[in-house]
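Subject: Structure handover

Hello,

Here is the structure I promised to pass on. Please open it next to this email and follow along.

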Amino acid sequence: MKMNIGALTFQQKIYWLVKQIPLGRVATYGQIAALCGWPRHGRYVGYALYRLAPNSDIPWHRVVNAQGKISYGPQRRGTDELQRWRLEVEGIVFEGGDRINLRRYQWQPPTMVYQPVYQPLIWSEGAATDSAKAG
């Protein structure tokens, strides 16, 4: 079965994609933006994830910056340490104290089928679990 996510807003696409990241894997803000069809808009991904409650069912903690680091900031009200703790609980190791090895832990989503520009992005619903098994 395929899911048409083309009708979703940019923010809804972000949340939907972040839900696809399997346990023990991470994605970067820029990677999520590009997969949503908005390359070079990683900052908007950060804004969307910042709006989520810390106990959200969307695994916001699995998104890090392009250097494989948590983007610390006083406006995050302590969720920086919560993010690190959750990632460590999932088995992700921080190298040099603060960096995740993206070659080892970065999520590689299953192949998506892109339709021509004005048609929706199509994604097989079972694909996320298939990639998690392969990774």
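A salt bridge here is a side-chain nitrogen of Lys or Arg within 4 Å of a carboxyl oxygen of Asp or Glu. Before using that, two notes on the source. This is a predicted model, in which local features need pLDDT of at least 70 and side-chain atom pairs count only at pLDDT 80 or more, while totals for chains, interfaces and linings use all residues. Residues are numbered from 1 along each chain as its sequence is written, and side-chain values use heavy atoms, with hydrogens and water left out.

**Salt bridges**

How many salt bridges are there by this rule? The count is 4. Three of them are worth a visit.

Start with D57 and K19. Their side chains form a salt bridge, at 3.3 Å from N to O. D57 sits in the loop between helix 3 and strand 3, and K19 in helix 1 (residues 10-20), so this pair links distant parts of the chain, 38 residues apart. Helices (H or I, at least four residues) and strands (E, at least two) are DSSP runs, numbered from the N terminus.

Are these two residues buried or exposed? Buried means under 20% relative accessible area, exposed means over 50%, and partly exposed is in between (1.4 Å probe, protein chains only). D57 counts as exposed because its relative accessibility is 60%. K19 is at 43%, so K19 counts as partly exposed.

Next, R62 and E90. The closest N and O atoms of this salt bridge are 2.9 Å apart. R62 lies in the loop between helix 3 and strand 3, and E90 in the loop between helix 4 (79-89) and strand 4 (94-95), so the bridge ties together parts that are 28 residues apart in sequence. Both R62 and E90 are buried. For R62 the relative accessibility is 11%.

What else does R62 touch? Contact means heavy atoms within 4.5 Å. Leaving out residues up to four places away in sequence, R62 touches I21, P22, L23, R25, V26, A27, L87 and E90.

Then look at R84 and E88. Their closest N and O atoms are 3.1 Å apart in a salt bridge. Both lie in helix 4, 4 residues apart, which is about one turn of the helix. R84 is buried, at 18% relative accessible area. E88 is partly exposed, at 38%.

**Nonpolar cores**

In soluble globular proteins, nonpolar side chains tend to be buried together. A nonpolar core is a set of buried Ala, Val, Leu, Ile, Met, Phe, Trp, Tyr and Cys residues joined through side-chain atoms within 4.5 Å. The largest one has 21 residues, and I14, V18, I32 and L49 touch the most other members. Helix 1, helix 2 (29-35) and helix 3 each give two or more residues to this core. Helix 1 gives the most, with 6 residues.

L49 touches I14, Y15, V18, Y29, W60 and V63, again not counting residues up to four places away in sequence. Apart from this core lies another, of 9 residues, among them V26, V64, I70 and L102.

**Helix 3**

Which residues of helix 3 are buried? They are G42, V45, A48 and L49. These residues cover an arc of only 110 degrees around the axis, so they are on the same side of helix 3. That arc is taken from the directions from the helix axis to the C-beta atoms. The buried residues of helix 3 pack against helix 1, helix 2 and strand 3.

G46 is also in helix 3. At 23% relative accessibility, G46 counts as partly exposed.

**Aromatic pairs**

The whole structure holds 2 aromatic pairs. Rings of Phe, Tyr and Trp (its six-membered ring) pair if their centres lie within 6.5 Å; planes under 30 degrees apart count as stacked, over 60 as edge-to-face and the rest as tilted. Y44 is partly exposed at 47%, and Y47 is partly exposed at 44%.

Best wishes
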